[in-house]
Amino acid sequence: MSAGLEGVSLTRLLAERPARAPRLRRGYRVADVDLFFDHLRTAVPAGRVASAQVRAVGFGAQFGGYDVADTDDLLADVEDVLARRERAQALAQADQRPYTERRAALGAAIAGRLREGRGDRFPRARGLRRGYRPGDVDDLCELLADHFRGQVRLSAADVRGALFRPRRGGRGYREAPVDAFLDRVVELMVTFDR
């Protein structure tokens with residue numbers, strides 16, 4: 001994608017709004033989403049927002065708010081365009097050490113987690129807290145290992161859309177470490193592996 005087309009695409013994306021959820025179904029709080037997109041419309045042209053900030057944003061919930069899946073898809077598109085821009089800027093620099101060091105660090109962290117055995121990749125949930133079913137998470141991790149070995153092709157959308165059945169207490173992986181790991185995988189995929 002050329003720099004000009006990328007700019008037009010990003011401008012178009014930032015002008016969009018997600019569909020609304022039905023009145024009796026929860027969605028993202030409209031005011032939160034609108035505020036974030038207002039921020040993006042001013043911060044992106046000034047270069048004051050990074051793809052990681054888009055990936056990490058969270059919103060409150062309300063009945064009849066913005067549809068969760070539609071909002072997440074729109075944010076993923078914005079993140080991808082920003083990541084491509086960040087990669088192009090990093091590769092245009094004379095000193096590419098920060099770029100290559102970040103890629104190496106992400107790759108090492110991900111590879112280390114993927115080398116762990118099934119059922120041992122992440123800490124377990126405590127008490128009666130809800131966690132993710134380890135088998136579901138481990139299945140995705142094995143697909144990711146195959147992806148990074150070049151045996152299968154996954155996209156960042158595949159990782160973002162992964163769903164895990166819930167498990168309570170020590171029967172499940174803690175959600176936060178799994179989510180943080182998947183954020184690193186998405187960062188590696190969208191920023192470094194294009």
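This is a guided tour of one predicted model, stop by stop.

**Before you start**

Residues are numbered from 1 along each chain as its sequence is written, and side-chain values use heavy atoms, with hydrogens and water left out. Because the model is predicted, local features need pLDDT of at least 70 and side-chain atom pairs count only at pLDDT 80 or more, while totals for chains, interfaces and linings use all residues.

Helices (H or I, at least four residues) and strands (E, at least two) are DSSP runs, numbered from the N terminus.

**Stop 1: aromatic pairs**

How many aromatic pairs does a search of the whole structure find? The search finds 7. Rings of Phe, Tyr and Trp (its six-membered ring) pair if their centres lie within 6.5 Å. Planes under 30 degrees apart count as stacked, over 60 as edge-to-face, and the rest as tilted.

Select Y99 and F192. Their ring centres are 4.9 Å apart and their planes meet at 50 degrees, so this pair is tilted. Y99 lies in helix 5 (residues 97-115) and F192 in helix 8 (residues 175-192), so the pair ties together parts that are 93 residues apart in sequence. Are Y99 and F192 buried or exposed? Both are buried. Buried means under 20% relative accessible area, exposed over 50%, and partly exposed in between (1.4 Å probe, protein chains only).

Next, select F122 and F181. They form an edge-to-face aromatic pair, 5.5 Å centre to centre with 65 degrees between the planes. F122 lies in the loop between helix 5 and strand 3 (130-132) and F181 in helix 8, so the pair ties together parts that are 59 residues apart in sequence. F122 is buried, with a relative accessible area of 5%. F181 is buried too, at 2% relative accessibility.

Now select Y28, F36, F37 and F59. Ring pairs link these four residues into a cluster.

**Stop 2: charges over rings**

Select R20 and Y66. The charged end of R20 sits over the ring of Y66, 5.6 Å from its centre. The rule: NZ of Lys or CZ of Arg is within 6 Å of the ring centre and within 35 degrees of the ring normal.

Move to R26 and F63. Here the charged end of R26 sits over the ring of F63, 4.6 Å from its centre.

**Stop 3: salt bridges**

Side chains of opposite charge can pair when their charged atoms come close. A salt bridge is a side-chain nitrogen of Lys or Arg within 4 Å of a carboxyl oxygen of Asp or Glu. By this rule the count comes to 18 salt bridges.

Select E79 and R55. They form a salt bridge, with the closest N and O atoms 2.6 Å apart. This pair links distant parts of the chain: E79 is in helix 4, R55 is in helix 3, and they are 24 residues apart. E79 is buried, at 3% relative accessibility. R55 is buried as well, with a relative accessible area of 16%.

R160 lies in helix 7 and E79 in helix 4, so the pair ties together parts that are 81 residues apart in sequence. R160 counts as partly exposed, at 30% relative accessibility.

Now select D136 and R165. Their closest N and O atoms are 2.8 Å apart in a salt bridge. D136 is in helix 6 (residues 134-148), and R165 is in the loop between helix 7 and strand 4 (166-168), 29 residues apart. D136 is buried at 12% relative accessibility. R165 is partly exposed at 45%.

Finish with R17, D34, D38 and R41. Salt bridges that share partners join these residues into one network.

**Stop 4: the largest pocket**

Select D72, V159, R160, G161 and D183. Of the 36 residues that line the largest pocket, these are the closest to its centre. The pocket has a volume of about 1,100 Å³. On a 1 Å grid over the protein atoms alone, a pocket is an open set of points where a 1.4 Å probe fits, with protein on both sides within 12 Å along at least five of seven lines; lining residues have an atom within 4 Å of a point. Grid points are joined across faces, edges and corners, and a volume is the space filled by probe spheres set on the points.

Which helix supplies the largest share of the lining? Helix 4 does, with 8 residues.
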